[in-house]
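Q: Hi! I'm new to this one, could you walk me through it?
A: Happy to, let's look at it together.

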Amino acid sequence: MKNRNDNGETMQQEITHIIPISVANFWETCFFSSAYTKAEHLEGLSCSEFSILEEYSGPPDHKRVLFSVPPLNVPSSIQKIVGNRIGYTEHGTFDPIKKQYHFSLTPTVLTKKISIKGYYTAERVDDTHTKRTCFLETSVSIFGVGKKIEGVIAQSNADVQKKTAEFAALWIARSR
């Protein structure tokens, strides 16, 4: 995982994991499978709520809007600001030319103060493994605690990426 904060403006992350599936099957088997996406959020991430609000999958486009409420793991000083429950709405679109899934996450709290967006790529490692990389940009505009909240979001994202990679491996093993 690489983290960097460019001139105090935006926290940028690059998180890579190896997934035990061919790149040819990665997008359809994991990423664009409604059953996988639901299981990933409810089982793999232990979200208390999850729903697919909109979904369109068909060549050449894949678009979706998801809502989830993950477990909240933030310091009490941050919880005083954001509350004890945060949900996210994900708006995502797959670019079939670049083979990238671009997304934005809108939290249920401080929506005008927190910006989270990014994209996923999948590259071939070998016939049975794919390198999945998440590029994420986070910006929090709250005087005095913005950078601390960015750090919490960055750590949370790293944890989510690790859990989803582990869940993908389990899902793929169960599917064989």
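**A first look**

A: Read along the sequence, the protein chain runs β-β-α-α-β-β-α-β-β-β-β-α, where helices (H or I, at least four residues) and strands (E, at least two) are DSSP runs numbered from the N terminus. This is a predicted model, in which local features need pLDDT of at least 70 and side-chain atom pairs count only at pLDDT 80 or more, while totals for chains, interfaces and linings use all residues. Residues are numbered from 1 along each chain as its sequence is written, and side-chain values use heavy atoms, with hydrogens and water left out.

Q: How many helices and strands does the protein chain have?
A: There are four helices and eight strands.

Q: And what share of the residues is buried?
A: Of the 176 residues in the protein chain, 42% count as buried. Buried means under 20% relative accessible area, exposed over 50%, and partly exposed in between (1.4 Å probe, protein chains only).

Q: Switching to rings: how many aromatic pairs turn up?
A: A search of the whole structure gives 16 aromatic pairs. Rings of Phe, Tyr and Trp (its six-membered ring) pair if their centres lie within 6.5 Å; planes under 30 degrees apart count as stacked, over 60 as edge-to-face and the rest as tilted.
A: One of them joins Tyr 36 and Phe 167, a tilted pair with 5.6 Å centre to centre and 45° between the planes.

Q: Which parts does the pair of Tyr 36 and Phe 167 tie together?
A: Tyr 36 sits in helix 2 (residues 34-44) and Phe 167 in helix 4 (residues 146-175), so the pair links parts that are 131 residues apart in sequence.

Q: Is Tyr 36 buried or exposed?
A: Tyr 36 counts as buried, at 4% relative accessibility. Phe 167 is also buried, at 5%.

Q: What about Tyr 101 and Phe 103, what kind of pair is that?
A: Their ring centres are 6.3 Å apart and their planes are at 20°, so this pair is stacked. Tyr 101 is buried at 1% relative accessibility, and Phe 103 is buried at 7%. Both belong to one aromatic cluster, along with Phe 26, Trp 27, Phe 31, Phe 32, Phe 94 and Tyr 120.

Q: New topic: where is Ser 68, and what does Ser 68 contact?
A: Ser 68 lies in strand 4 (residues 61-69) and is buried, with a relative accessible area of 11%. Leaving aside neighbours within four places in sequence, Ser 68 is in contact (heavy atoms within 4.5 Å) with residues including His 41, Cys 47, Glu 49 and Tyr 88.
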